[in-house]
Number of protein chains: 2
Amino acid sequence: MRYELYYWPSIQGRGEYVRLALEDAGAAYADVARDAGGMAAMMAMMDARTGTPPFAPPFLKAGKLVIGQTANILLYLGARHGLAPKTEGGRLWVHQLQLTITDLVLEVHDTHHPLGPSLYYEDQRGAAKKRTEEFWNERVPKYLGYFEQLLQENGSAYLTGRKATYGDFSLFQIVEGLRYAFPKRMKRFERKIPGLIDLHDRVAARPNIKAYLSSDRRIAFNEDGIFRHYKELDV
Amino acid sequence: MRYELYYWPSIQGRGEYVRLALEDAGAAYADVARDAGGMAAMMAMMDARTGTPPFAPPFLKAGKLVIGQTANILLYLGARHGLAPKTEGGRLWVHQLQLTITDLVLEVHDTHHPLGPSLYYEDQRGAAKKRTEEFWNERVPKYLGYFEQLLQENGSAYLTGRKATYGDFSLFQIVEGLRYAFPKRMKRFERKIPGLIDLHDRVAARPNIKAYLSSDRRIAFNEDGIFRHYKELDV
């Protein structure tokens, strides 16, 4: 089965967590909206309002299923491609961690859009500065400290054991994104999360991920995505 | 099996979506932190750092499993108590809708905490006012319009068909919460979502839910929860 991924064609965004899982699994997929006519196809799928219409991209067409919400797509792919444990408890545990990463991703987005997603960044610069301070003082230590502690405690190569899961790829992306958006702040912070940095490097070295990252399928970070670099927020 | 729910004892918050599912299912459970010594027990569970330590409440102890993240707990309970379809596609669909509700709940929280969860409301009143405007102008119509359209289209008693799912109970809670936090704004808005109001009433009339709502197990809304009533935000 060839999957069809539907996501905005010019950003990594939330689609990237799905792309990383598909790429590591070596799964066949089309990144639909990046092809000619793909954006129209994506909007038509959303407007069709039949079956299970998604609230927003990303969504994945897998045979007859249309699955929305990033973590939900990963729940589905994890079971199918050995990117999650086979036991119910293990499966729920990885999903729980992914949902915690989902919360973190939204807080990253809120650093530049604290007054809401419909206003421009330029119209909320002051609030963004305050939110970013709080993010780095309180939230980053809490979230990344949590994952760091898990890694330190389990003593394994990956977040939940010896085998990589989609949660590991998502944490790789978090490190990549924070490095892009906040290079100065992240540089200072990284000494507190050696396990997480180590995990990032291990994920980056996986053959399929490595090949993906150096391909043109990997879109570069930019200021339309979740992780945005604004100099005034990175002090 | 008697479940143990761990959540802050004085608010509905995110725990309420789990409580509603447990109550409708007639499941035996302890709301641990509301009993004497319960808060200490909850904090001890979080500090223990063994097994699958949750990032934050709510979490559910189900036999040997400790499951965190509201939507993940509902995924587990839905399969066990007939509160989700039996097919994989149906199960993913309800979970997808629940994750969209999760996003909405966070945006509700951000109306009073746009500059971050660690600061007091009193320290972010101006930003809260702006965010709340954007929330009611853009986000509420988008989210509730999406669910309203699903209800209008499927022509069934519940969100995904003839049988109630945990997603229906969560939408009931959204309507309840918006009515509490923003009575004026919600009163004006409700004529646009007749299907959702109808669903709310149908959920409220389910015998187990009805009994729960009039019991002292249902905590009253208050200004420590997700849905908070601040007069200046409800214009």
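Me: How many aromatic pairs does a search of the whole structure find over all chains?
Reply: The model is a predicted one. Rings of Phe, Tyr and Trp pair if their centres lie within 6.5 Å. Searching the whole structure over all chains gives 22 aromatic pairs.

Me: Which parts of chain B does the pair of B:Tyr6 and B:Phe59 tie together, and how many residues apart in sequence are they?
Reply: The rings of B:Tyr6 and B:Phe59 are stacked, at 4.9 Å centre to centre and with 10° between the planes. B:Tyr6 belongs to strand E1 (residues 3–6) of chain B and B:Phe59 to strand E3 (residues 59–62) of chain B, so the parts tied together are 53 residues apart in sequence.

Me: What area do chain A and chain B bury between them?
Reply: The contact draws on 47 residues from chain A and 46 residues from chain B. In chain A, A:Arg49, A:Phe55 and A:Leu115 lose the most area to chain B, together 19% of what that side buries. Carbon and sulfur atoms carry 58% of the buried area, and the total is about 4,200 Å².

Me: Which residue of chain A forms a salt bridge with B:Glu88?
Reply: The rule finds two salt bridges across the interface of chain A and chain B. In the one that involves B:Glu88, the closest N and O atoms are 2.9 Å apart, within the 4 Å limit for a salt bridge. The partner of B:Glu88 is A:Arg80.

Me: How do the residues of the side of chain A that touches chain B divide into nonpolar, polar and charged?
Reply: Between chain A and chain B, 19 residue pairs are in polar contact. Strand E4 (65–68), helix H3 (70–80), helix H4 (88–112) and helix H5 (125–154) of chain A each supply at least two residues of the side that touches chain B. The residues of that side divide into 21 nonpolar, 13 polar and 13 charged.

Me: What is omega for the peptide bond that joins B:Pro57 and B:Pro58?
Reply: Most peptide bonds are trans. In chain A, the bond from A:Pro57 to A:Pro58 is cis, with omega near 5°, and A:Pro58 is found in the loop between helix H2 (38–48) and strand E3 (59–62). B:Pro58 is placed in the loop between helix H2 (38–48) and E3 of chain B. The bond joining B:Pro57 and B:Pro58 is also cis, and its omega is about 0°.

Me: What is the phi of A:Gln69?
Reply: Most residues other than glycine have a negative phi. A:Gln69 is found in the loop between E4 and H3 of chain A. This residue has a positive phi, near 75°.

Me: How much of the span of residues 87–233 of chain A is helix?
Reply: UniProt, in an unreviewed entry, places the feature "domain: GST C-terminal" at residues 87–233 of chain A. The end C-alpha atoms of this span lie 43 Å apart.

Key
Residues are numbered from 1 along each chain as its sequence is written. Chains are lettered from A and ligands numbered from 1 in the order in which they are written. This is a predicted model: local features need pLDDT of at least 70, side-chain atom pairs count only at pLDDT 80 or more; totals for chains, interfaces and linings use all residues. Side-chain values use heavy atoms; hydrogens and water are left out. UniProt positions are given in the numbering used here, feature names are shortened, and annotations may be inferred rather than shown by experiment. Helices (H or I, at least four residues) and strands (E, at least two) are DSSP runs, numbered from the N terminus. Contact means heavy atoms within 4.5 Å. Buried area is the accessible area (1.4 Å probe) that two parts lose on being put together, summed over both. A salt bridge is a side-chain nitrogen of Lys or Arg within 4 Å of a carboxyl oxygen of Asp or Glu. A polar contact is a pair of N or O atoms within 3.5 Å; within protein, one must be able to donate a hydrogen and the other to accept it, and residues adjacent in sequence count only if both atoms are side-chain atoms. Ala, Val, Leu, Ile, Met, Phe, Trp, Tyr, Cys and Pro count as nonpolar, Asp, Glu, Lys and Arg as charged, and the others, Gly among them, as polar. Rings of Phe, Tyr and Trp (its six-membered ring) pair if their centres lie within 6.5 Å; planes under 30 degrees apart count as stacked, over 60 as edge-to-face and the rest as tilted.
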